[in-house]
Amino acid sequence: MKGLLKTLRWRWILVLAALTPPCRRIVQQASRAHEEPLSGPDRFRLRIHLGICTACRRYLRQLDFLREASARSDENIPAAIRARLAEDAKERLKQRLRCERVG
Amino acid sequence: MTSPRLHPDPAVVPTGAEHRVQPATTGPRLDPERWVDEHGDYLFHFALSRLRDPVLAEDFVQEALLGALRSHGRFEGRSTERSWLTGILKNKILDHFRKAGRETSFTDLEFYGEEEGRAFENQAFPDHWNAALAPSEWTDAGGALDREEFWRVFHSCSGKLPERTARVFILREVDDMPSDEICATLGISPNNLWVMLHRARLALRRCLELNWFAARGSAEEES
């Protein structure tokens, strides 16, 4: 049974390989599609590829997740890893600001 | 309370108008030393993650606060004080990138070329996913965003990106800057930008998978 499934999977991959660009090219295009729209034929091939390739489908979903996480990352910095100004640096800054106000 | 020079440049605020805007926009808010206490660490982290140099980062925080002090009349309370200060800091950093981009050639492309090669090393089907490195299923990705531990992993992963790649990635994905503006600011070609973004995404995705999703999946199986 396992062997049969494996054979079927390989067959799918063969079809995939024949019809669409390889995964490497697909994920490049998917990344680029975030920057500018793909051409019609490229979009069509991408869609076919995603229809049969689980790994690339996951990759695209995870790219969206990465995007969302990145957009929120500035507001989610755990206290333990947050860079801090040293106390003397803060004092220097305050002094400099005081000079500016007086001067 | 002392009354500092609120509008050193009379051209910025016409006389007469000054009296109307003063109580609402300046006066009580003009307390730059409090900015240091309340926003100093945040601004410093912001600068450090983009410049990767603590001395430079401190300089930029100072420049931003001085800039804010000089232009305080323009803060009209439409945004929070923090986002206003962050905006000033961001612009100072972009100016710095603009100059640096002209001075040095901007290549980071050798990084991750190898990693990308490995991910698609497939003897039977060249350039398809290598079975061992193909993306695995991520369980509860949405929930991860609420976990402090996830963010530790995230920042540690993005901190590992090479400097220039990280710069491009942060401008694009964290600051949401349009790609043509990034190219203009850094003086790089669109193609260069795409490759860097793509490699940054590949590397970050892999790092999160290894250090968060895979690690968590196996921890749950054990418990």
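**Note on a two-chain helical model**

1. H2(B) passes H3(B) in a right-handed crossing (right-handed if the near helix is turned clockwise from the far one by less than a right angle, left-handed if anticlockwise). The model is predicted, so local features need pLDDT of at least 70 and side-chain atom pairs count only at pLDDT 80 or more, while totals for chains, interfaces and linings use all residues. Residues are numbered from 1 along each chain as its sequence is written, and chains are lettered from A and ligands numbered from 1 in the order in which they are written.

2. The two helices of that crossing are H2 (residues 32–51) and H3 (residues 54–70) of chain B, packed at an angle of about 135° with axes 8 Å apart. Axes are lines fitted to C-alpha atoms, for helices over the stretch in contact, and angles run from 0 to 180 degrees between N-to-C directions. H2(B) is therefore oblique to H3(B) (under 35 degrees counts as roughly parallel, over 145 as roughly antiparallel, 65 to 115 as roughly perpendicular, the rest as oblique).

3. On the H2(B) side the meeting residues include Trp35(B), Leu43(B) and Phe44(B); on the H3(B) side they include Phe60(B), Val61(B) and Leu65(B). Contact requires C-beta atoms, placed from the backbone, within 7 Å. By class, this contact has 15 nonpolar, 1 polar and 1 charged residues. Ala, Val, Leu, Ile, Met, Phe, Trp, Tyr, Cys and Pro count as nonpolar, Asp, Glu, Lys and Arg as charged, and the others, Gly among them, as polar.

4. Chain B as a whole has 10 helices and 0 strands. Helices (H or I, at least four residues) and strands (E, at least two) are DSSP runs, numbered from the N terminus. Of its 223 residues, 32% count as buried (buried means 20 or more other C-beta atoms within 10 Å of the residue's own, exposed 12 or fewer, partly exposed in between, with C-beta atoms placed from the backbone). Among chain B contacts with a separation of 6 or more, 68% are between residues 24 or more positions apart.

5. Two loop residues of chain B deserve a look for their backbone angles. Most residues other than glycine have a negative phi. Asp127(B), however, has a positive phi near 70°; it sits in the loop between H5 (113–119) and H6 (141–144) of chain B. Asp127(B) is partly exposed, because 15 other C-beta atoms lie within 10 Å. Asp176(B) also has a positive phi, about 55°, and belongs to the loop between H8 (163–174) and H9 (179–186) of chain B. With 10 other C-beta atoms within 10 Å, Asp176(B) is exposed.

6. Chain A has 5 helices and 0 strands. Of its 103 residues, 21% count as buried.

7. H2(A) and H4(A) pack at about 25°, with axes 11 Å apart, which means that H2(A) is roughly parallel to H4(A). Their crossing is right-handed. Residues making the contact include Ile26(A) and Val27(A) of H2(A), and Tyr59(A) and Leu60(A) of H4(A). The contact has 9 nonpolar, 1 polar and no charged residues.

8. Between the chains, 41 residues of chain A are in contact with 43 residues of chain B. On the chain A side, the elements giving two or more residues are H1 (2–19), H2 (23–32), H4 (54–72) and H5 (87–102). H4(A) gives the most, with 12 residues. This side of chain A divides into 20 nonpolar, 6 polar and 15 charged residues.

Technical notes. Contact = placed C-beta atoms within 7 Å.
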